[in-house]
Amino acid sequence: MRALLVVLSVTMNLGPGSVMAAERAAQVARPAVDALFADYDQPGTPGCALGVIEDGEFVYRRGYGSANLDYDLPLTPQSVFRIGSTSKQVTAMAVALLAESGKISLDDSLRTWFPEFPEWADGITIRQLIHHTSGIRDYLTLAYLTGKGEDADYYSDEWVLELLARQRETNFPPGSQYLYSNSGYLLLAHLVQRASGQSLRKFSQENIFGPLGMVHTHFHDDHTEVVPLRAYGYAPTDDGYQVSMTTLDMVGDGGVFTSIDDLLLWDRNFYNNILGETGDQLIEQVTTPGVLDDGTMMDYAFGLSVDDYKGLKMISHGGAFVGYRAEMIRFPQHGFSVAVLCNRSDAGPSMLARRVADIYLGMHMIAIEEPPTETVDIELSSEELERYTGDFWEAEEAFAAESRVVDGKLWAIHSPTRRNELVPVGPNRFRMVGTPAEVFVDFTMDENGIVEVTRTINGEPRGRFKPFDRRQVSVDELGEYTGAYYSPELDTHYFLSLDGGSLVFKLDDEAPEELTAMFGETFENPDYGSVIFQRDENGSISGYTLQSGRVRNLAFSKTDG
């Protein structure tokens with residue numbers, strides 16, 4: 001067992017092939033692994049289940065925390081979790097099997113299978129859906145923008161398909177960029193049904209889960225279904241936890257229910273494939289990243305990310321939906337995998353899985369400078385912290401960030417009700433407190449102040465922010481923006497009005513949300529995105545476009561004077 005040899009070499013001399021020595025090595029690793037999950041292994045809290053796989057066998061597996069707080073049932077490797085977007089690799093495998101059988105071509109246009117879609121679907125291929133290069137707007141964001149953003153909000157597949165068919169354009173020309181879109185994988189689920197005559201659930205059961213022996217795994221396309229051994233999903237509250245589940249029945253972009261024990265069988269198949277007819281060729285296909293039209297290599301394959309982690313090739317995908325979080329990472333050159341499934345929305349399985357890999361494979365990894373898990377906080381005065389305050393704009397994703405000193409501490413302000421403390425841990429470096437991931441914020445300074453702010457999440461750069469001066473707008477000026485606005489693509493009205501000197505917008509049944517002036521004609525709301533107003537030839541406001549993460553350039557027209 002190669003990974004265990006690494007752990008053992010730190011403490012003892014191991015003879016090759018020694019089973020007893022390998023077991024002693026596992027015992028060396030386990031306390032360090034358990035320490036990573038200590039916060040989850042507490043009475044009365046949801047937690048995580050872990051599986052560590054070496055050469056097709058578990059070297060460690062256990063549960064931490066509770067599967068059901070009502071009955072205080074423990075999490076185990078047999079507990080069944082919703083795994084969110086970690087499901088995408090199964091959907092992509094189903095599509096690959098259809099292509100292998102000749103029932104579809106990966107270069108078929110989207111409109112071949114979805115003739116009800118507009119002409120823009122002619123330029124999108126099935127392959128682009130798989131690699132997130134289609135440019136199709138994300139249906140979860142679109143649904144949120146219509147006012148359907150709560151766990152209990154229900155809508156159907158048919159409603160989503162109609163919503164997508166109403167879109168007048170894509171986020172960008174297909175094949176030109178990468179932008180993660182759940183819509184693509186929902187469409188792949190319907191592609192499976194239209195091409196095979198079977199639901200994705202039935203097709204996957206007959207062609208994937210059944211052959212692999214994954215008896216506790218299915219695509220959960222009926223939210224009322226009873227699931228034996230289910231771990232309930234939870235979200236933290238001020239005084240504990242609340243149930244966080246969904247009424248949605250969509251699958252493809254997510255929806256797999258599975259266990260740690262079943263994921264062992266899924267993992268084994270990447271080394272000895274028994275699915276389909278082409279053996280290793282199928283595995284090579286689903287683990288090979290896509291290519292943009294300009295020849296740029298990507299790191300996204302068939303529902304799997306292919307990256308370098310500390311010098312080792314790593315194939316992975318995470319998942320997050322309602323009260324569940326998941327991550328599965330694989331190091332194919334070492335036959336080593338880690339799966340972490342959690343039933344609490346504040347869990348950080350991506351970070352945890354990588355830390356477990358560090359313990360077992362550390363001696364194979366390249367030492368790189370990265371923020372340690374345990375940082376040493378630095379004391380800075382309020383006056384020193386003031387150097388790091390300001391307003392900042394992330395141009396690529398079109399959103400603002402703000403930092404302010406309150407009661408002697410530096411805070412990242414997300415909205416009037418959401419903020420995270422920024423604790424100094426090094427020169428111009430801060431750790432964000434209260435997030436499930438490891439988030440660090442670095443300030444680039446010169447003699448005049450802040451030049452740029454960069455954010456790193458779990459060691460990956462995620463956002464570059466430039467300082468800007470907020471536009472100061474009078475109440476009379478804000479009045480120009482009030483009125484009713486309509487998006488035919490959402491089939492939704494937004495109503496903008498003044499409330500106590502602030503510009504707010506409201507959907508039919510939602511509470512008012514503030515729009516804050518940024519610069520020029522750009523306003524922003526931290527939950528809905530940035531709004532860029534347009535004026536007609538007379539200088540009057542005629543409409544706006546909305547930029548909201550995975551939805552770009554969504555047009556609204558003003559419908560009143």
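1. A quick definition to start: the axes used here are lines fitted to C-alpha atoms, for helices over the stretch in contact, and angles run from 0 to 180 degrees between N-to-C directions. Please keep in mind as you read on that this is a predicted model.

2. Let me begin with a helix pair. Helix H3 (residues 88–101) packs with helix H8 (residues 182–196) at an angle of about 40 degrees, and their axes are 10 Å apart. The crossing in which H3 passes H8 is left-handed.

3. In the contact of H3 with H8, ten residues are nonpolar, three are polar and one is charged.

4. Now to the salt bridges, for which the count comes to 28. One that I would point you to joins the side chains of Glu57 and Arg268, at 3.3 Å from N to O. Glu57 belongs to strand E2 (residues 57–64) and Arg268 to helix H10 (residues 260–268), so this pair ties together parts that are 211 residues apart in sequence. How accessible are the two partners? Glu57 has 42% relative accessibility and counts as partly exposed; Arg268, at 31%, also counts as partly exposed.

5. Next comes the salt bridge of Asp107 with Arg127, where the closest N and O atoms are 3.1 Å apart. Asp107 sits in the loop between H3 and helix H4 (110–113), while Arg127 is in helix H5 (residues 126–131); the pair links distant parts of the chain, 20 residues apart. Arg127 is partly exposed, its relative accessible area being 32%.

6. Another pair for your list is Arg470 and Asp391, whose side chains meet in a salt bridge of 2.9 Å, N to O. Here the linked parts of the chain are 79 residues apart: Arg470 is in the loop between strand E21 (460–467) and helix H14 (475–479), and Asp391 is in strand E14 (residues 390–394). Asp391 has a relative accessible area of 11%, and since buried means under 20%, Asp391 is buried.

Terms used. Residues are numbered from 1 along each chain as its sequence is written. This is a predicted model: local features need pLDDT of at least 70, side-chain atom pairs count only at pLDDT 80 or more; totals for chains, interfaces and linings use all residues. Side-chain values use heavy atoms; hydrogens and water are left out. Helices (H or I, at least four residues) and strands (E, at least two) are DSSP runs, numbered from the N terminus. A crossing is left-handed if the near helix is turned anticlockwise from the far one by less than a right angle, and right-handed if clockwise. Ala, Val, Leu, Ile, Met, Phe, Trp, Tyr, Cys and Pro count as nonpolar, Asp, Glu, Lys and Arg as charged, and the others, Gly among them, as polar. A salt bridge is a side-chain nitrogen of Lys or Arg within 4 Å of a carboxyl oxygen of Asp or Glu. Buried means under 20% relative accessible area, exposed over 50%, partly exposed in between (1.4 Å probe, protein chains only).
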